[in-house]
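Reader: I'd like to learn how to read strand pairing and the surroundings of a charged side chain. Could you walk me through it with an example?

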Amino acid sequence: MARYFFDLHNGEGPTRDEHGTELGSRDDIPKEVTRILLDVARDELPAGDRAVIAVTVRNESGDPVTVASLVFNNEWLDVLR
C-alpha cells in the first residue's frame, strides 16, 4: 500500500492534505479523486455561475502525480435575448 495526498483547490483557496490516504495501487487514485470532487461539488455548487474545483495528488515523497478538475459553468439564456 502507498500513501497519497489529495490537495484541494476550490473557491476557498488551496487546502493541503496533511494526512494522506493509503491506497492499494496507483490505479485507485481516479476513484478517490472522483469521490472528492463529487463531494465538494455537492456541498459547494451552485454558489455562483462559475466554479473550478481541482485536486492535485502527491505521492509519499511529495511529488505531484496527477491533477483532476471539475468545471461548473451556468449560463442564463433568458438574459441574452
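Author: Happy to! Start with a bridge partner: Leu8 is paired with Val55 in strand E4. Keep in mind as we go that this is a predicted model.

Reader: How many bridges join E1 to E4, and in which sense do the strands run?

Author: Five bridges join them, with E1 and E4 (residues 50-58) antiparallel. Leu8 also stands opposite a residue of E2, namely Thr15.

Reader: What joins E1 to E2?

Author: A hairpin through two residues. The pairing of E1 with E2 is antiparallel and covers three bridges.

Reader: And which residue of E3 is the bridge partner of Arg3?

Author: That is Glu22. E1, residues 2-10, is joined to E3 by three bridges, again antiparallel.

Reader: Now the charged side chain. Where is Asp17 placed?

Author: Look at the loop between strand E2 (13-15) and strand E3 (21-23). Asp17 is buried but has no salt bridge. Its nearest side chain of opposite charge is Arg58, 6.0 Å away, whereas a salt bridge needs the atoms within 4 Å.

Reader: Which backbone nitrogen lies 2.8 Å from a polar atom of the Asp17 side chain?

Author: The one of Gly20.

Reader: What else is Asp17 in contact with, leaving aside neighbours within four places in sequence?

Author: Tyr4, Phe5, Phe6 and Asp7, along with Arg58. So Arg58 does count as a contact of Asp17, since contact asks for heavy atoms within 4.5 Å, yet the two form no salt bridge.

How values were computed:
Residues are numbered from 1 along each chain as its sequence is written. This is a predicted model: local features need pLDDT of at least 70, side-chain atom pairs count only at pLDDT 80 or more; totals for chains, interfaces and linings use all residues. Side-chain values use heavy atoms; hydrogens and water are left out. Helices (H or I, at least four residues) and strands (E, at least two) are DSSP runs, numbered from the N terminus. Buried means under 20% relative accessible area, exposed over 50%, partly exposed in between (1.4 Å probe, protein chains only). Lys and Arg count as positive and Asp and Glu as negative; His and the chain ends are not counted. A polar contact is a pair of N or O atoms within 3.5 Å; within protein, one must be able to donate a hydrogen and the other to accept it, and residues adjacent in sequence count only if both atoms are side-chain atoms. Two strands pair if DSSP finds at least two bridges between them.
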